[in-house]
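Reader: I am new to this one and would like to understand the words used for it. Could you walk me through them?

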Amino acid sequence: MYEFIEGILHSVTPQYIVINVNGIGYKIITANPFRWQDSLSQTVQCQVELVTREDSMTLYGFYDANEKQLFHKLNKVSGIGPKSALSILALDDHDGLIQAIESGDSQYLTKFPGVGKKTAQQMVLDLRGQLGFASGVAKSDTSQSTSASDEINEKVIEALEGLGYSQREIKRVEKAIKAEQFNSTQDGLSYAFKLLIKN
């Protein structure tokens, strides 16, 4: 129904962004909302997908058309819904994701929230050889304005919760995150993702 939405970026939260289009605020769930932080109050274009359920209508947003296509591919895998697909996309290392699928590394894939061994194997089975288009998808711009380090750390923790990581997983990396000083929430999330994948 919708291909993209273009308007003024009104706000950024750990779970979604809001784009103001002629006085109407569109709430758009994205893989990593803080990727958009440096475009606040500016005109942006967000690729979107409207997902309808019996009791809800949700707009999912993507940084570019390739990321949207990757979302579609992931969403077709049995056991992966829109939220799980976004959690997978939130990791900046999409090349690593593709490499894991191509090499059949299901152990790597189980590091993502909501992805068990069976789902990881299904991802390999369904997607191997189909993701060449997505190499280098949506590399994040980390040149965002600096804010207080403790505030950034709190936003990183909130974002991880919003992406579906369990409290146990977050507690495992929280100390390391708070020991660092990041220039932006995006920097902090990138660091947190590396820790979560490694552990």
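Reader: In what order do the elements of the protein run from the N terminus on?

Author: They run β-β-β-β-β-α-α-α-α-α-α-α-α, which gives five strands and eight helices. Please keep in mind that this is a predicted model.

Reader: How do you know what confidence the predictor has in the protein?

Author: Its pLDDT averages 83, and 89% of the residues score at least 70. Over residues 136-147, though, the pLDDT is below 50. Beyond near neighbours in sequence, that stretch has 32 contacts in the model.

Reader: What share of the residues of the protein count as buried?

Author: The share is 47% of the 199 residues. As for contacts with a separation of 6 or more, 60% of them are between residues 24 or more positions apart.

Reader: Which residues meet where α1 packs on α2?

Author: From α1 come Glu 67, Leu 70, Phe 71, Leu 74 and Asn 75, and they meet Pro 82, Ala 85, Leu 86, Ile 88 and Leu 89 in α2. Sorted by kind, the residues of this contact are eight nonpolar, one polar and one charged.

Reader: What makes α2 a mostly covered helix?

Author: Buried means under 20% relative accessible area, and seven of the eight residues of α2 are buried. They are Pro 82, Ser 84, Ala 85, Leu 86, Ser 87, Ile 88 and Leu 89.

Reader: Which elements do the buried residues of α2 pack against?

Author: Their partners are the strands β3, β4 and β5 (56-62) and the helices α1, α3 (94-103) and α5 (117-127).

Reader: Two of those partners, α3 and α5, also pack on each other. Why is α3 called roughly perpendicular to α5?

Author: The angle between α3 and α5 is about 85 degrees, with their axes 8 Å apart. Roughly perpendicular runs from 65 to 115 degrees, so α3 counts as roughly perpendicular to α5.

Reader: Which residues meet in the contact of α3 with α5?

Author: Leu 97, Ala 100, Ile 101 and Glu 102 in α3 meet Met 123, Val 124 and Leu 127 in α5. This contact divides into six nonpolar residues, no polar ones and one charged.

Reader: How do you know whether Asn 22 is buried or exposed?

Author: Exposed means over 50% relative accessible area. Asn 22 has 79%, so Asn 22 is exposed.

Reader: Where does Ser 41 lie, and what is the value of its phi?

Author: Ser 41 lies in the loop between β3 and β4 (43-53). Its phi is near 70 degrees, again a positive value in a residue other than glycine.

Notes. Residues numbered from 1 in each chain as written. Predicted model: local features only at pLDDT ≥ 70, side-chain atom pairs only at ≥ 80, totals over all residues. Heavy atoms only, no water. Contact = heavy atoms within 4.5 Å. Helix = DSSP H or I, 4+ residues; strand = E, 2+ residues; numbered from the N terminus. Nonpolar A, V, L, I, M, F, W, Y, C, P; charged D, E, K, R; others polar. pLDDT = per-residue confidence, 0-100. Buried < 20%, exposed > 50% of the residue type's maximum accessible area, 1.4 Å probe, protein only. Axes fitted to C-alpha atoms, helices over the stretch in contact; angles between N-to-C directions. Parallel < 35°, antiparallel > 145°, perpendicular 65-115°, else oblique.
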